[in-house]
Amino acid sequence: LLNFDAPTNGASMAITDPCCPNCAKAIAESGIKTLYIDHKGFQKDFAVRRGDEFNDMSLSIMAHAGIAIYEINRKAETLSPIHVPLGNYVPPEDNPIEIKQIETEPDAPSFQALIDGVHIKHERWGCAFAKDRNGKYYSLIASTHAAIGYSEQTASKNKKEDKYDLFLEPLSRLLFGAVKHGLNLVDGYIWLSTLPTPREMVNFVGAGLEILAIGNLDSAKKEAAFAARETLESEGILTFRNQKRKI
C-alpha cells in the first residue's frame with residue numbers, strides 16, 4: 001500500500017491470509033473498497049490460532065469502513081461473500097486528515113510555520129508535506145483518531161487484550177492517508193508531537209522514508225517506542241530529529 005503508484009482510494013486488494021486488526025485499520029485508512037482473501041489462508045496455522053482477532057475485530061473494522069470482503073478460491077474460480085456493505089452505506093468520518101495544496105516548494109521555514117500554526121487538542125498529532133505525481137505540494141495534518149466508521153466513544157470501549165485497539169496513531173494516518181490520495185510524503189518534512197509506536201516506525205521504513213522530526217522525544221504512547229528508536233537509530237535506518245513548536 002505504501003509503495004502503490006496511484007491513489008488507493010476506491011481500489012481493490014487481494015491478500016493471502018486473513019488480516020490482523022492493525023492491517024485492517026491500514027486498509028480502511030487507505031480507502032480500499034474491495035478485499036479478496038485466498039481461501040487457503042483460512043486453513044493456515046496462523047488463521048487457526050488467531051482467527052478470533054480477524055472475526056472479532058478485523059471484520060468489524062473493515063465493515064465499518066464500508067469494505068466489501070470476499071473469500072476467493074482461485075482454482076475453483078469462485079467468490080464467497082464474507083461481508084457486503086449496503087449499497088447506500090457511507091462510513092462516517094468526523095475527523096478526516098486535513099489536506100491543503102500549497103503554492104511553493106517546502107523549506108525549513110515553511111515547515112516550522114506549519115508545525116507552529118496547527119491547533120489540535122490531542123496530545124498525539126502530526127503534520128507533513130507531500131507531493132503528487134504532477135509535482136504539486138500539499139500540507140497534511142492528522143491526530144490520533146478512531147478508525148473510519150467509528151466514533152471516539154465507541155472505539156474506546158473496544159480492545160483486544162490490550163494488544164489491539166480501534167485507534168490509528170498520527171504517523172499511520174499520515175502514511176496511509178497520503179497514499180489514499182496519491183501523495184508521497186516528503187522525507188525530512190514529517191513531524192510528530194511524540195515518538196510513534198514501533199509498528200508505525202516499521203511502516204515508515206517500509207515507505208522508504210528515513211527522517212522524522214519529533215516535538216517531544218521523551219514522550220510516547222508505548223514504552224517499547226524508546227527501544228525501537230534506539231535500535232533503528234543505531235543501525236542507521238532512521239534519524240529522529242528534535243524539533244519543538246515555537247509557540
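**Ground rules.** I am working with a predicted model, where local features need pLDDT of at least 70, side-chain atom pairs count only at pLDDT 80 or more, and totals for chains, interfaces and linings use all residues. Residues are numbered from 1 along each chain as its sequence is written, and side-chain values use heavy atoms, with hydrogens and water left out.

**Entry 1: salt bridges.** I looked up the salt bridges and found 10 in the structure. The term means a side-chain nitrogen of Lys or Arg within 4 Å of a carboxyl oxygen of Asp or Glu. Side chains of opposite charge can pair when their charged atoms come close.

I began with Lys-25 and Asp-165, whose closest N and O atoms are 3.4 Å apart. This pair links distant parts of the chain: Lys-25 is in helix H1 (residues 21-29), Asp-165 is in strand E10 (residues 164-165), and 140 residues separate them. Helices (H or I, at least four residues) and strands (E, at least two) are DSSP runs, numbered from the N terminus. I noted that both Lys-25 and Asp-165 are buried. Buried means under 20% relative accessible area, exposed over 50%, and partly exposed in between (1.4 Å probe, protein chains only).

Next I took Arg-173 and Glu-29, a salt bridge with its closest N and O atoms 3.4 Å apart. Arg-173 sits in helix H5 (residues 170-180) and Glu-29 in helix H1, 144 residues apart. Both Arg-173 and Glu-29 are buried.

Then I checked Lys-221, which meets Asp-165 in a salt bridge at 3.1 Å, N to O. Lys-221 lies in the loop between strand E13 (211-220) and helix H7 (224-234) and Asp-165 in strand E10, so the pair ties together parts 56 residues apart in sequence. Lys-221 has 32% relative accessibility, so I wrote it down as partly exposed. I also found a network of salt bridges linking Lys-25, Arg-124, Asp-165, Glu-169 and Lys-221.

**Entry 2: helices H6 and H7.** At what angle do H6 and H7 pack? I read about 30 degrees, with the axes 9 Å apart; H6 spans residues 198-206. Axes are lines fitted to C-alpha atoms, for helices over the stretch in contact, and angles run from 0 to 180 degrees between N-to-C directions. H6 and H7 are therefore roughly parallel to each other. The cut-offs: under 35 degrees is roughly parallel, over 145 roughly antiparallel, 65 to 115 roughly perpendicular, and the rest oblique.

I listed the residues that meet: Pro-198, Met-201 and Val-205 in H6, and Ala-224, Ala-225, Ala-228, Arg-229 and Leu-232 in H7.

**Entry 3: Ile-120.** I found Ile-120 in the loop between helix H3 (108-117) and strand E6 (125-131). At 28% relative accessibility, Ile-120 counts as partly exposed. Leaving aside neighbours within four places in sequence, Ile-120 is in contact (heavy atoms within 4.5 Å) with Trp-125, Ile-141 and Ser-143.

**Entry 4: the sheet.** I traced an open sheet of 6 strands with mixed pairing, in the order E5-E7-E6-E12-E13-E14. Two strands pair if DSSP finds at least two bridges between them. The edge strands are E5 (98-102) and E14 (239-242), each pairing on one side only. Strand E12 (residues 184-195) and E13 pair in the parallel sense over 4 bridges. Which residue in E13 is the bridge partner of Trp-191? I found Ala-213. Last, I saw that H5 lies across E6, strand E7 (137-143), E12 and E13, running at about 140 degrees to E7.
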